[in-house]
Amino acid sequence: MALNNFADLLIEADKTGRALDDIFLEEEAAERELPRDRVFQVFLERWAVMKDSVRRGLAGGKSFSGLVGGDARKIIEFTEGGDIAGGRLLARSIAYSIAVLEENSRMGIIVAAPTAGAAGMVPGTLLAMAEERGFDDAHTARGLVVAGGFGALIAAKAELSGAAGGCQAEQGVGASMAAGALTFLLGGTPRMSVHASALTLQNTLGLACDPVAGLVEVPCVVRNGFTAMLAVTGAQAALAGVESVIPMDEVVEAMVKIGEAMPRSLKETADGGLAMTPTGCRIRNELYQIR
Amino acid sequence: MVGPSSSHTAGACRLSRVARLLLEEEPVEARFELHSAFAKTMRGHGTDRALVAGALGMEVDDPRLKDALDLARQRGLGFVLKPKNMGPEAHPNSVAIHLKGPTRAISVLGASIGGGMIEIREVDGFPVSLSARDPCLLLFYEDRPGVVMRASEIIARRGINIASMEVLRRGKGDEAFMRIDLDAPLPPEDVDAMKEMPGVRRVHVLDRVAGGAPIT
């Protein structure tokens with residue numbers, strides 16, 4: 001991508017008055033030497049896989065380990081019964097995001113966004129919002145272009161893996177991408193989208209990657225629901241005019257530095273945190289001694 | 001892709017697939033040495049299945065990936081996975097892959113750097129820098145004058161731009177190695193012409209192994 005950072009992106013948007021999806025699509029088309037409509041077609045195809053992964057996730061059973069599976073459906077059934085703590089949009093955002101990760105834990109096909117362990121928030125929140133507002137696929141996929149563009153800008157500066165940056169670099173980034181896309185889909189300005197992203201990312205900083213038994217299940221699956229809520233919060237705040245005091249590019253830099261400072265035990269080694277609690281150890285021992 | 005982890009499943013599969021493509025024949029033996037985070041969460045993250053799947057030539061979205069260990073046994077591929085401490089400087093998601101086929105063997109050292117992206121750090125002992133996102137050529141040849149020029153001439157005649165390039169050798173007049181990243185894939189007849197160049201031992205083609213599915 002010729003764009004280097006979020007500051008450049010906002011300068012480009014201000015100068016030309018172009019929408020974020022327009023800027024990103026043109027960049028990608030130029031980079032790949034392909035027509036724009038062909039590139040957009042790929043986003044539509046990815047969106048179809050994402051929606052299908054939510055559907056399969058809601059319908060599926062337990063993971064191989066038996067630790068997760070079925071929670072997304074629980075939330076949806078509870079919600080349809082009218083017992084809602086935070087409104088239908090939030091309930092669906094949470095449930096759909098968890099559904100994708102439940103499908104991932106069964107090694108079903110998903111779209112990494114930006115990673116597999118953080119694949120829930122982008123499709124989960126975008127689908128819930130599309131249903132709430134009646135957006136068609138063509139419109140929602142424009143949001144996916146924005147999410148992808150934001151992810152690419154972050155990935156240009158930070159390695160997106162739990163092993164290098166902890167969970168902040170996976171689910172923090174996934175939620176941040178979703179927040180920018182939601183803000184865009186709801187008619188926010190480019191500046192609002194970037195602030196939504198910055199607000200969301202900064203509120204996941206320091207998040208450890210401490211998966212029980214080295215699986216992508218506990219806490220990863222349910223956490224996708226929790227960080228989905230952060231994405232909706234980020235969009236809500238930014239659309240209302242709340243701005244991040246620390247600019248997005250600096251938030252990304254802070255994330256990288258925090259990732260470097262984190263001990264190895266909290267970076268996808270299952271050597272610390274939840275993985276090393278008495279229950280976490282017991283689950284690991286049972287899982288690997290029996291099999 | 002098939003999960004559960006983009007770095008520990010998809011990235012691992014791609015690293016191993018690169019080794020399989022470089023071997024250019026069905027492997028009968030595979031040995032994987034896993035460093036740090038790769039070794040620690042190997043089973044939980046499906047890294048074992050993904051590495052074996054890649055050695056069998058699978059792509060990251062192949063639904064058979066989860067059955068790769070059984071498939072390997074059916075196809076007669078023997079495999080060993082073991083942890084190996086590569087030191088504090090090595091990337092936590094590093095793996096050394098050693099594949100053996102009926103007629104040849106290859107060793108690849110690489111790291112999975114997040115979101116399914118990879119970096120190959122070593123091929124048969126040559127320290128390389130390869131992301132496999134662009135169409136790429138790898139040449140092994142005898143260190144002698146003119147090879148770089150003749151190779152780039154073939155590419156230039158086809159009107160293809162060279163994005164980046166590295167040239168290494170074990171010693172003066174010894175075995176040499178060239179990596180050429182291209183903006184577009186080189187047609188097979190040109191690759192054959194390269195194989196015919198004096199001093200060239202082997203030419204490998206990697207077409208966007210880690211660049212997502214090529215869009216046409």
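In which loop of chain A does A270(A) lie? A270(A) is found in the loop that runs between α12 (248-261) and α13 (278-290) of chain A, and in this predicted model its phi is near 60°, a positive value in a residue other than glycine.

**Nonpolar cores**
- The largest nonpolar core holds 144 residues, of which A178(A), A181(A) and A231(A) touch the most other members.
- Helix α9 (residues 171-185) of chain A supplies the largest share of this core, namely nine residues.
- Because domain 1 (6-124) and domain 2 (135-207) of chain B both give residues to this core, it lies between them.
- If residues up to four places away in sequence are left out, A181(A) touches V122(A), L126(A), G143(A), L144(A), V146(A) and A147(A).
- Another core lies apart from the largest one and consists of six residues, among them L207(A), C209(A), M262(A) and L266(A).

- In chain B, A132(B) has a positive phi of about 60° although it is not a glycine, and its place is in the loop between β6 (126-130) and β7 (135-142).
- A132(B) is also buried, since it has 23 other C-beta atoms within 10 Å.

**Cis peptide bonds**
- A113(A) and P114(A) are joined by a cis peptide bond with omega of about 5°, and P114(A) sits in the loop between α5 (88-105) and α6 (121-133) of chain A.
- A cis peptide bond, with omega of about 10°, also joins V218(A) to P219(A), and P219(A) belongs to the loop between α10 (190-202) and α11 (220-239) of chain A.

How values were computed. Residues are numbered from 1 along each chain as its sequence is written. Chains are lettered from A and ligands numbered from 1 in the order in which they are written. This is a predicted model: local features need pLDDT of at least 70, side-chain atom pairs count only at pLDDT 80 or more; totals for chains, interfaces and linings use all residues. A nonpolar core is a set of buried Ala, Val, Leu, Ile, Met, Phe, Trp, Tyr and Cys residues joined through C-beta atoms within 7 Å. A residue is buried if 20 or more other C-beta atoms lie within 10 Å of its own, exposed if 12 or fewer, and partly exposed in between; C-beta atoms are placed from the backbone. Helices (H or I, at least four residues) and strands (E, at least two) are DSSP runs, numbered from the N terminus. Domain bounds come from an automatic or database domain assignment. Two residues are in contact if their C-beta atoms, placed from the backbone, lie within 7 Å.
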